[in-house]
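Have the sequence and the 3D view ready as you read.

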Amino acid sequence: MDSKTHNDKIVAQFSKQAKGYTNIVSHSDALDQLIYMSHASKEDTVLDIACGSGIVACAFAKHVASVTGIDITEGMLNEAKNLQDQRNLKNINWQTGDVTALPYADNSFSIVISRFGFHHFLEPAKVLAEMKRVCIADGIVMIVDVTLPDSKIDFYNRMEKLRDNSHVAALSHNQFDLLINESGLRDRTDSSYQMKIELEEQLKASFPEDQQKLKTMILNDIGIDNLGISVSKENWKVYLHYPIKIFVGKK
């Protein structure tokens, strides 16, 4: 798929998702963990790539000198600006742009982060190279995303492509290891957490081409876990438990 066609898919999908994205409670999970692992301080300048509705950028803004958020979808950036206004944050700038060619000079930011973006990238290595390029020497590069064992990744990607047609591929543990090792980042540290989302809450914020097919696929995985999200039923509600990994390295 060419990049323009793919970018059009992302914009179409996330223009629809924009309103509901921030309302998913678990999208705000582990923000303190990200800030802690980045060693963020009032001297830092942060770039949040594929920043979406600004959840991460707004969390970091309370702890650093300034934040820049860049995303390809205007609708998501409008939601980000609304969130910024609600929290009365003055030190964030937003920009529309493609993360495969970041419009910033080398060595521009001390922390560069991407959360929940890498599974949408056609060329993740190219994006990581751009993140590293715009990061200062000894600065922090952080990736946060779903990752699963090789044995489950194909099933998971099948589900996610059905839920969101702009999904490219979540990377397995081994694929992420290779990507980060080849990037040349050093002093790597990892952490993880589970993001728990109620199925109906997820469906409300999604626009699958065949919702019933998606729902059936998920319900049929209860107690089996081919999909890698430990689908469970609790008090008549169905929950998805997304395994999230945090990767941190220094330039």
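A salt bridge is a side-chain nitrogen of Lys or Arg within 4 Å of a carboxyl oxygen of Asp or Glu. Keep in mind that this is a predicted model, where local features need pLDDT of at least 70, side-chain atom pairs count only at pLDDT 80 or more, and totals for chains, interfaces and linings use all residues. Residues are numbered from 1 along each chain as its sequence is written, and side-chain values use heavy atoms, with hydrogens and water left out.

By this rule, the model has 12 salt bridges. One of them joins D187 and R186, with 3.1 Å from N to O. D187 is exposed at 52% relative accessible area, while R186 is partly exposed at 32%. Here, buried means under 20% relative accessible area, exposed over 50%, and partly exposed in between (1.4 Å probe, protein chains only).

Now find E234 and K196, whose side chains also meet in a salt bridge at 3.1 Å, N to O. This pair links distant parts of the chain, 38 residues apart: E234 sits in strand β8 (residues 232-234) and K196 in strand β7 (residues 186-198). Helices (H or I, at least four residues) and strands (E, at least two) are DSSP runs, numbered from the N terminus. E234 is partly exposed at 29%, and K196 is partly exposed at 38%.

Salt bridges that share partners also join D106, E130 and R133 into one network. Within it, the closest N and O atoms of E130 and R133 are 2.8 Å apart. Both residues lie in helix α5 (residues 124-134), three residues apart, or about one turn of the helix. Is E130 buried or exposed? E130 counts as buried, at 13% relative accessibility, whereas R133 is partly exposed at 23%.
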